[in-house]
Every structure is written in C-alpha cells, then in structure tokens.
Amino acid sequence: MEIQMKKGLLDVCVLALLKRGDSYGYQIVSELSPLIEVSESTLYPILRRLESAGQLVTYTREHGGRLRRYYRITREGLGRLEKFNREWRDMRKIYAFIQGEDE
C-alpha cells in the first residue's frame, strides 16, 4: 500500500478505534494489527500528531502500580471521521467506475 495512503488510513483507524472507547498504545496496536500493519514506533507519532491537531486528548491512570497513558477522541476527531466517511462514499463510486461496475 502506498505510504501516504497508509498514513492517512492509520490516522482514521486510530480515531475509529477511539470512537469505540478510550484506549492506550499497546492495546491500539494489538487491535489494529490484524487490519493494517502498525507498530508502536509508528503509532506514537500518529497519536502525537492527532493530539496536536486537537483530534484526541490524553490522560493517565494507574494500572498495575504504573501510570498508563490513555487516549480519548474529541469532537474534532469525530468530525474528521465523518469527513472521511463522506469522502469514502465518493471514493467507492470512483472505484466502481474503475472496476466497470454499476453502483
């Protein structure tokens, strides 16, 4: 998969996962890995970028005697997901055209 396309999809996949509930880095990697190749070294820059864009916020909570950083989607993150869904509907029409299918 083209690197830029994968980068954009990873952002949206992270937001979609967080829409289901707050999560932490290792859990995010574990849940996304079956769908799209992602490592912790790839994930953390994405999380920082999404936080800088106001699309998620972080907080810490104790777990097993250590602090764990959790991520929560924001209203801006939900808006980005909605925008992606609108754009994806348009992309499906283009894909159907390329495949010679009627949509």
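**Rings, charges and pockets**

Guide: Start with one side chain: Tyr70 has a relative accessibility of 10%, so Tyr70 counts as buried. Keep in mind that this is a predicted model.

Visitor: Which residue forms an aromatic pair with Tyr70?

Guide: For two rings, look at the distance between centres and the angle between planes. Tyr59 and Tyr70 are a stacked pair, with 5.6 Å from centre to centre and 10° between the planes. The pair links distant parts of the chain, since Tyr59 belongs to strand β2 (residues 56-63) and Tyr70 to strand β3 (residues 66-73), 11 residues apart. Together with Tyr24, Tyr59 and Tyr70 make up one aromatic cluster.

Visitor: How many aromatic pairs are found in the whole structure?

Guide: The search finds 3 aromatic pairs. One of them is formed by Tyr59 and Tyr70.

Visitor: Why is the pair of Phe84 and Trp88 called stacked?

Guide: Planes under 30 degrees apart count as stacked. The ring planes of Phe84 and Trp88 lie at 15°, with the centres 5.8 Å apart, and therefore this pair is stacked. Both residues are in helix α4, and because they are 4 residues apart, about one helical turn separates them.

Visitor: What is the relative accessible area of Phe84, and what is that of Trp88?

Guide: Buried means under 20%, exposed means over 50%, and partly exposed lies in between. Phe84, at 22%, is therefore partly exposed. Trp88 has 41% and so is partly exposed as well.

Visitor: Which ring does the charged end of Arg61 sit over?

Guide: Here the thing to read is where a charge lies relative to a ring. The charged end of Arg61 is over the ring of Tyr70, 5.1 Å from the ring centre. Arg68 lies over the face of Tyr24, and its distance from that ring centre is 3.7 Å.

Visitor: Which element gives the most to the lining of the largest pocket?

Guide: That is α4, with 10 residues. Both α1 (3-20) and α4 (75-99) supply at least two residues of the lining.

Visitor: What lines the second largest pocket?

Guide: The volume of the second largest pocket is about 170 Å³. Its lining residues include Leu9, Val12, Cys13, Arg20, Glu31 and Phe84. The elements that give two or more residues to this lining are α1 and α2 (25-32). From α1 comes the largest share, 6 residues. Sorted by class, the lining has 8 nonpolar, no polar and 2 charged residues.

Visitor: How does the chain read along the sequence?

Guide: List the elements in order, then look at the whole. The chain has 4 helices and 3 strands, in the pattern α-β-α-α-β-β-α. Of its 103 residues, 29% count as buried.

Visitor: Which element has the lowest mean pLDDT, and which the highest?

Guide: The lowest mean pLDDT among the elements is 86, in α1, and the highest is 98, in strand β1 (residues 23-24). For the chain, the mean pLDDT is 91, and 92% of the residues reach 70 or more.

Methods:
Residues are numbered from 1 along each chain as its sequence is written. This is a predicted model: local features need pLDDT of at least 70, side-chain atom pairs count only at pLDDT 80 or more; totals for chains, interfaces and linings use all residues. Side-chain values use heavy atoms; hydrogens and water are left out. On a 1 Å grid over the protein atoms alone, a cavity is a set of points where a 1.4 Å probe fits but cannot get out, and a pocket is an open set with protein on both sides within 12 Å along at least five of seven lines; lining residues have an atom within 4 Å of a point. Grid points are joined across faces, edges and corners, and a volume is the space filled by probe spheres set on the points. Ala, Val, Leu, Ile, Met, Phe, Trp, Tyr, Cys and Pro count as nonpolar, Asp, Glu, Lys and Arg as charged, and the others, Gly among them, as polar. pLDDT is the predictor's confidence in each residue, from 0 to 100. Rings of Phe, Tyr and Trp (its six-membered ring) pair if their centres lie within 6.5 Å; planes under 30 degrees apart count as stacked, over 60 as edge-to-face and the rest as tilted. Buried means under 20% relative accessible area, exposed over 50%, partly exposed in between (1.4 Å probe, protein chains only). A charge sits over a ring if NZ of Lys or CZ of Arg is within 6 Å of the ring centre and within 35 degrees of the ring normal.
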